[in-house]
Amino acid sequence: MLPPPPADRFVVFLSGAGLSAASGIRTFRDPGGLWEGFRAEELATPEAFARDPERVWRFYAWRLEVAAAAEPNSGHLALARLQAAWGPQRVRLVTQNVDGLLDRAGCDEVIEMHGSLLRWRCARGVGHGVVEIEAGQPPPRSCARCGDWMRPAVVWFGEVPIDLDRIGAWSTRCHSFIAVGTSGVVYPAAGYAALARRSGALAVEINPERTGGSFDRCIEQPAEVALPALVEAWL
């Protein structure tokens, strides 16, 4: 079992699609991942939105429905339990997921580096504000201020992820860095495990199979199995 961080050090969990797989949320790269004849990657770009905002809006409204119908699984709940016991300063959470399930599990201060389906903003200007919506609530179609299209406040391909500097700073100072359900070879997220390892942290991967990233150890189990066991041992 992994050693817990000392009381004066912290652990970083970086989660990806594998954390939410047991909740029934499929990834972009699942086999046969087509929506209305389009691959998700073809719809998750600023260029796609410029060409056909109606189609992209419908796609993300559907993704929001899928996320709203899902429930946090035992992996999400284990991270919430650990953070509640040790506090968010000792358990720092970063996710690539946009489904909001860590928040719904009860986690605090989650860096959502790719944004969230539960926040929508005006496509014309970020200064027009962000609309926070509840799971199960339909997203707004047009901006109340200017009437332009609303888009999800998520990071599309070609856009810069959120809070990269803060994630980098955490990676250089943490006791351990645990990547959960995410590939260790896709950047920029993959670079943080390597950065943490170079900075002296224990770098660990939790995945059903090794992905080949820069890790000291791999726990070859799904997140919903490995995380409850890890948290139970640490507490």
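Helices (H or I, at least four residues) and strands (E, at least two) are DSSP runs, numbered from the N terminus. This is a predicted model, in which local features need pLDDT of at least 70, side-chain atom pairs count only at pLDDT 80 or more, and totals for chains, interfaces and linings use all residues. Residues are numbered from 1 along each chain as its sequence is written, and side-chain values use heavy atoms, with hydrogens and water left out.

First, the sheet. Three strands form an open sheet in the order β7-β6-β8, with antiparallel pairing; two strands pair if DSSP finds at least two bridges between them. β7 (130-132) and β8 (150-154) are the edges, each with a single partner strand, so one side of each has no neighbour in the sheet. On average, neighbouring strands here are turned by 40° against each other, direction ignored. Axes are lines fitted to C-alpha atoms, for helices over the stretch in contact, and angles run from 0 to 180 degrees between N-to-C directions.

Between β6 (residues 115-122) and β7 there are three bridges, and Arg119 stands opposite Glu132 in β7. Helix α4 (residues 53-69) packs on the sheet and touches β6 and β8, its direction making about 145° with that of β6. Contact means heavy atoms within 4.5 Å.

Which strand holds Leu118? Leu118 is in β6, and at 17% relative accessibility it counts as buried. Buried means under 20% relative accessible area, exposed over 50%, partly exposed in between, with a 1.4 Å probe and protein chains only. Beyond its neighbours within four places in sequence, Leu118 contacts several residues, including Leu64, Gly100, Val131 and Glu132.

Next, the cysteines. How many disulfides are there by the cut-off? The count is zero, where a disulfide is a pair of cysteine sulfur atoms within 2.5 Å. For Cys122, the closest cysteine sulfur is in Cys146, at 3.5 Å, too far for a bond. For Cys143 it is the sulfur of Cys122, at 3.8 Å, also too far. Cys122 is buried at 0% relative accessible area, and Cys143 is buried at 6%.

Last, helix α5 (residues 74-86). Its 13 residues reach 18 Å from first C-alpha to last, close to the 18 Å expected at 1.5 Å a residue; the expected span is 1.5 Å times one less than the number of residues. Buried residues in α5 include His76, Leu79 and Leu82, and among the elements covering the buried residues are β1 (11-15) and α9 (223-234). Just after α5, Gly87 takes a positive phi of about 90°.
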